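Please open the structure in your viewer and keep the selection tool at hand. The tour below goes from stop to stop, saying at each one what to select and what is there.

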Amino acid sequence: MTSTMVKTNGQPDPTAVQAFLAAGYQESDLLYIVLAISVKVLSNFSNHAFGTVVDERFAAYKVA
């Protein structure tokens with residue numbers, strides 16, 4: 001569901017949402033996904049704007 005939310009810019013097909021809920025998840029679980037995506041976007045935008053340096057121990061995971 002997370003990939004679907006990202007790929008569709010937060011506008012998943014209603015059938016995808018229904019399948020998610022039918023799998024046993026709740027609407028609150030979907031909101032947690034929205035929250036996680038939001039935190040990641042905020043972090044990325046902030047790091048790009050301020051040129052945050054990646055800690056040495058995470059350097060291997062850096063994306064150019």
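## Along helix α3

Begin by selecting I33, which sits in helix α3, and bear in mind throughout the tour that the model is predicted. Is I33 buried or exposed? Its relative accessibility is 14%, and because the cut-off for buried is under 20%, I33 counts as buried.

## The largest pocket

For the next stop, select N44, N47, H48, T52, V53, V54, F58, Y61, K62 and V63, which line the largest pocket. The space in this pocket comes to about 340 Å³. If you colour the lining by class, you will find five nonpolar residues, four polar ones and one that is charged.

## A loop residue

Finally, move to the loop between α1 (2–7) and α2 (14–22), where N9 has its place. What is the phi of N9? The angle is positive, at about 55°, although N9 is not a glycine. For comparison, most residues other than glycine have a negative phi. With a relative accessibility of 67%, N9 counts as exposed, since the cut-off for that class is over 50%.

Technical notes
Residues are numbered from 1 along each chain as its sequence is written. This is a predicted model: local features need pLDDT of at least 70, side-chain atom pairs count only at pLDDT 80 or more; totals for chains, interfaces and linings use all residues. Side-chain values use heavy atoms; hydrogens and water are left out. On a 1 Å grid over the protein atoms alone, a cavity is a set of points where a 1.4 Å probe fits but cannot get out, and a pocket is an open set with protein on both sides within 12 Å along at least five of seven lines; lining residues have an atom within 4 Å of a point. Grid points are joined across faces, edges and corners, and a volume is the space filled by probe spheres set on the points. Ala, Val, Leu, Ile, Met, Phe, Trp, Tyr, Cys and Pro count as nonpolar, Asp, Glu, Lys and Arg as charged, and the others, Gly among them, as polar. Helices (H or I, at least four residues) and strands (E, at least two) are DSSP runs, numbered from the N terminus. Buried means under 20% relative accessible area, exposed over 50%, partly exposed in between (1.4 Å probe, protein chains only).
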